[in-house]
Amino acid sequence: MTKNLRITNNKFIDQTSRISFKFDGKILYGFKGDTLASALLANNIHLVGRSFKYHRPRGIMACGSEEPNAIVQVGKDASMTEPNTRATEIELYEGLEASSQNCWPSVNFDVGAINNFFSPIIPAAFYYKTFMWPANFWKLYEYFIRKSAGLGKSPTKPDKDIYDHRYLHCDVLVVGGGISGIMAAKTAAKNNLNTVLIDDKNILGGTTIFQQNECFKINNSYSNDWLKKEIDTLNSFKNLTIKTRTSLAAYHSYNYLLAKENLTDHLDLNEKKDKIRQRLWKIRAKKVIISTGAIERPLIFNNNDRPGIILSSSIKKYIDFYGVKCGQKISLFTNNDSAYETAISLNSSGVSVNSVVDIRDKTNSLIVKQAEKLGIKIHWKSTIVNTNGYKKINAIEIMKLSDDGTAVVGKKINEKCDCLGISGGWTPRVHLFTQSGGKLKFRDKDNVFVPDKSELDQISIGSCNGDFELDEVIKNTVNLINKFLKVNNSAYENLEIISSKEIDKKNIWLLPSDKPLGKTKPFLDFQNDSTAIDVKLALREGFKSIEHVKRYTTTGMATDQGKLSNMHALGIIAETAGVKMGELGTTTFRPPYTPLTFGAIVGRNVGEFFDITRKTPMHDWHVENKAEFENVGQWKRAWYYPIENENMYEAVQRESKAARDSAGILDASTLGKIDIQGTDASEFLNRVYTNAWSKLEIGKCRYGLMLNEDGMVYDDGVTTRLSENHYLMTTTTGGAANVLSKLEDYLQTEWPELDVYLTSVTDHYGTISICGPNSKKIISKVIPDLDLSDKEFPHMSYKNALIDNIKCRIMRISFTGEHSYEINIQSSYAKSVWEKCFEAGKDFNITPYGTETMHLLRAEKGFIIAGQDTDGTMTPVDLQMDWIISKKKYDFIGKRSLYRSDTIREDRKQLVGLLTDDPKEILEEGAQIVAETNKQPVEMLGHVTSSYFSPNLNKSIALAVIKNGKKLKGQKMFVPMKNKTINVTITDTVFLDKENKRLNA
Amino acid sequence: MLNFNNPVIDTKEYSEIRISKTEPILKMNLRGKNRDFITKIGKELSIITPVDPNTSASNEKLNLLWLSPDEWLLYSNHMIDLKDANFLDDKLFNEISKKKLGSVTNVSDHWIMINLNGKKVFELLSAGCPYNFNNFKNSKGAVTQTLFNHIDVIIHNKNVNDLNLFVRRSFSEHLFLWMNDAASRI
Amino acid sequence: MFLINCPYCGERDQSEFTAGGEAHIVRPKQPTELSDDQWAEFLFMRKNIKGVQLERWNHSHGCRKWFNMVRDTSNDRIHAVYKMGQKPPIE
């Protein structure tokens, strides 16, 4: 039944290479160079989807990114299927499978279409109004609404495609390769500027490249031939990069732009494999030239949404570019000259044009005269009042317009057709310009918003700047570009141009019908199904701001972002409300200009590259020894080392016991390490830590607490005095980068007079911590010539040593309360030393332990972890660490805040210990603590910050912060949980070895 | 003897990109503000200390990279034996830090040096660096500190399409794998 | 994404920088002499202007130097950058 809708003489489509594809399960054929839309039209398929709200049949309406209706689901694979893609932008490839969206069970028979008959009772904001109450019914409503509405289906499995990101820096970026873009890019390249030209199509040249019409000539050639030659010269410029199939998604401040390049979407299924599908270009351009062209406007009249109603310029592109006839008997409806170009193109391709319905009075431009000469019938000063045909247009009803254009008069003419081209004039594509912060101005003569002021080094040229006539485009482009690039390119100055000029302009936003408005269906936003009536209703209900009307009626909020509908919505609002369009302004155009895939946004940072991972020098050992890992910031830290089938609890119990009974070994390499040198190093430490440092002897270590200026604990760690003016500071793992940055801040801004230099050495050293009563014996085996006596090498001191000729530092410091040592050795040897220690410790059952056991052991001793037991609201006093605050020092960071009225409050939350009445009961970290259980609402006094079962004490222990906790020692409290209430007693924070005997054991 | 262990970074060749590692080499972080410090380093190393931003100076053995107005990275061109490294480390520390001119810190194992070589190295960098290499590309000796796939790096332009990239050791394996993934698709 | 002209390294992408809030708030030399209110003024009070504002920035992934910036918060235009210790180059 498919009639031959292809014309044979066509430059852009390779009619020798046939491509098979599937649409809604049916096998169809097209050619290389087709889009899905052009191939469907060639197969006489117009109906491709159902509308969002009323489920009305909808057909292909445009030929580019502005397409509102022909949005389809591509692919069937659960991991690769892509919803909401525009059939007009999908290049046909062998194996393509696409299907209609928003219809069930099929596009030809859609259950939801019943909404169309109820449409009088589904006005603007119907869903908002109807499903608001009762509130708990929403769950029910939502299910049905989502099922019957909703656009395409998301993929359910991970995307197998590969995506990529690239940064690009250039002198000039030209967006859009139409005639003005080509001229701009060539001028820039000629003047040795590093230039990039991008275009979202696969072939450069915009609409001019298929404009072959006597009325548009340059230097005696058809405009398309002239442009083709210009494009061919571009290849000679080495400093010009051309990227086709690349669409600009976002234009941010400082000329930072994002563009998506399609690399494989057009390839046959079997050629796509293992190639990058899309690449997101992050472009920083010194200068940006926008030449994105214009979008043809539809006309707003009764039943203007039927399949077969297509923008007139799109019909022209389908015939002139793709060689596809959108119909056999085509009518055109216009308010401007451009429909006549379509009429002439159709005529010269042998398609019969019924008539052109023009709302204007008779006009005599060059192109109109040419159309008349070809015998094309024109209905002047007329409008279409209705269209017929359910799944495809089959007739139009034409009437004369009254003089003022608000009504129709006279006799109704019926005209049969199988396609209607509509043209409501042109809207400059100013989206990118406004995204970048540019302000628009309104031009009354032809009702367009054109670029006005911009803060950025950019310019708009061609029709996106409001130049619609060929001769103006060329003349203005030349002038603007020369000025913008500060060059003098004379190549385009003396061109002989023939260009038909539009003489008469007329615009009616909402065309009248012979029926009352309420009985008509003049669609504004085709994708979101909102009509002119909805917009008027919103105004009647009191919405004034364009942004509010947009949200209330959803006009312009679909995936096409109202590329076609916005201007009419504005026009109708302005008209109804009696304000000027220029004053009304536009809604905000937000990025992306066309939808981006998540894949393109994420790039290659998926799977193993999802997040950055840092590894310690001993990482491989942990892996070999079956450690489970914990993410601490970006670090992979050994969490625990299960033996056989141990779970985490069992492993941690075993590790914790072994560390106190004999010996444990921990990889502490992730601790931040800062090398501090300079004559004021001691003074500097005095200022950044709460305690005093000047008198710390060389060779000794000291624990320090660092506050913020607000007095809250920020970080902690042990710092060692290596020599008179040389210290090594350690920080927490998570705080390393921030502490260094904070200290640098003080040195650079507050205390530039201090002679102190900081250098991060976190990654230079591997740190091995060995603890337990047998740690000394192990160290003595590893470093036999080191005097480990308490007298020579007491707790909180350090020694330099050599292990097999490699320099290292041994600190005798302890985070577990056990006698312990930390070996710091340059990272390249750390794994080897670790293995040596492990070997030496075998006789003592040395047990590797991870972060979980480390946390348990320190909790037994009541040592805090900054960030776990503190949360940025705890002062050292709150932590019951008053001993670490120097009374003598005049100042240190945060000192003044320690006696603000708020910090001296007695009922602040303070750190305490908690013991459960049932020693087997382990509290949950984060659980709330209350003083009574009957009252409601009950006051939350605090919460559990750390909680473990201690194998060394054989009971459950916990740390908690609780209001006025210091004074509540011995008090009974309750921890209410979901199914029970746990009785607890407030205790001291130190559970084990209060006398610190084990340190020297 | 202790074994020397470095993150697994094997030499990999792709079309016009070669990624390799030269370790162990000596790396020292030098910091100081006054003129004496600057002349002292020059004297000790026989290199004119680079004071212009984003530049470096080199001799047959050593490279000195400008990092900030008071910070430089020194690294050796070739693998260096332990004795020589210790000797230079001690000498600089004694002459500069001990004499209160500034600071000298051995950071040999803080950084891993990865050499990137080939016509497409800048394409590789553009996959993850926001930095504009258009001028850098043509300036031998240029230095930049920037981000590469969100990881801090120092990049030294040794020669035409021949770069040394420094990345903190703990990040090096991740960055190396990421670079391989990127390079394999260029 | 701004393009920031680090006074030490030159033009760099914003991702290399960290913002540090309002500039020219000097830490009092003698905090202990201050009343709670005076200290709170230093500690908590920031202007947060819509318009031209003086800010601290750190080239955290470059030279690690702090510097000041004159930025219009209403349109993100950076009017000037200047080193720590220097006076703002505007009124």
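## Chain contacts and local geometry

Colleague: The contact takes 23 residues from chain A; how many does it take from chain C?

Modeller: This is a predicted model, in which local features need pLDDT of at least 70 and side-chain atom pairs count only at pLDDT 80 or more, while totals for chains, interfaces and linings use all residues. Residues are numbered from 1 along each chain as its sequence is written, and chains are lettered from A and ligands numbered from 1 in the order in which they are written. Two residues are in contact if their C-beta atoms, placed from the backbone, lie within 7 Å. On that basis, against the 23 residues of chain A, the number from chain C is 20 residues.

Colleague: Which element of chain A gives the largest share of the side that touches chain C?

Modeller: Helices (H or I, at least four residues) and strands (E, at least two) are DSSP runs, numbered from the N terminus. The largest share on this side is six residues, and the element supplying them is helix 21 (residues 736-750) of chain A.

Colleague: How many charged residues are on that side of chain A?

Modeller: Asp, Glu, Lys and Arg count as charged; Ala, Val, Leu, Ile, Met, Phe, Trp, Tyr, Cys and Pro as nonpolar; and the others, Gly among them, as polar. The side of chain A that touches chain C has four nonpolar and eight polar residues, and the charged ones number eleven.

Colleague: In what order do the elements of chain C run from the N terminus on?

Modeller: Chain C has six strands and one helix. Its C-alpha trace spans about 45 × 30 × 25 Å along the principal axes. From the N terminus on, the order is β-β-β-α-β-β-β.

Colleague: How many residues of chain B are in contact with chain A?

Modeller: Chain A puts 37 residues into this contact, and the number from chain B is 37.

By class, the side of chain A that touches chain B has twelve nonpolar, 15 polar and ten charged residues. The count for chain B, again, is 37 residues.

Colleague: Into which domains is chain B divided, and which strand gives the most to the side of domain 1 that touches domain 2?

Modeller: By an automatic or database domain assignment, chain B is divided into domain 1 (11-25 + 109-186) and domain 2 (27-107). Their contact takes 13 residues from domain 1 and 16 residues from domain 2 of chain B. Strand 8 (111-117), strand 9 (143-148) and strand 10 (151-159) of chain B each supply at least two residues on the domain 1 side. The most, three residues, comes from strand 9 of chain B.

Colleague: What is the bridge partner of B:Met28 in strand 6 of chain B?

Modeller: Strand 3 and strand 6 of chain B run antiparallel and are joined by five bridges. The partner of B:Met28 in strand 6 of chain B is B:Leu74.

Colleague: On how many sides of helix 1 of chain B do the buried residues lie, and which exposed residues does the face turned away carry?

Modeller: A residue is buried if 20 or more other C-beta atoms lie within 10 Å of its own, exposed if 12 or fewer, and partly exposed in between, with C-beta atoms placed from the backbone. In helix 1 (residues 35-45) of chain B the buried residues are B:Phe37, B:Ile38, B:Lys40, B:Ile41 and B:Leu45. Their arc, taken from the directions from the helix axis to the C-beta atoms, is only 165°, which puts them on the same side of the helix. The face turned away carries B:Arg35 and B:Lys43.

Colleague: Is A:Gln561 buried or exposed?

Modeller: A:Gln561 has a positive phi near 50° and is found in the loop between helix 14 (546-553) and helix 15 (566-577) of chain A. With 23 other C-beta atoms within 10 Å, A:Gln561 is buried.

Colleague: Is A:Glu644 exposed or buried?

Modeller: A:Glu644 also has phi near 50°, in the loop between strand 33 (635-640) and helix 19 (648-661) of chain A. With 7 C-beta neighbours inside 10 Å, A:Glu644 counts as exposed.

Colleague: What is omega for the cis peptide bond that joins A:Gln936 and A:Pro937?

Modeller: A:Pro937 lies in the loop between strand 46 (928-929) and strand 47 (942-950) of chain A. For the cis bond joining A:Gln936 to A:Pro937, omega is about -5°.

Conventions:
Two strands pair if DSSP finds at least two bridges between them.
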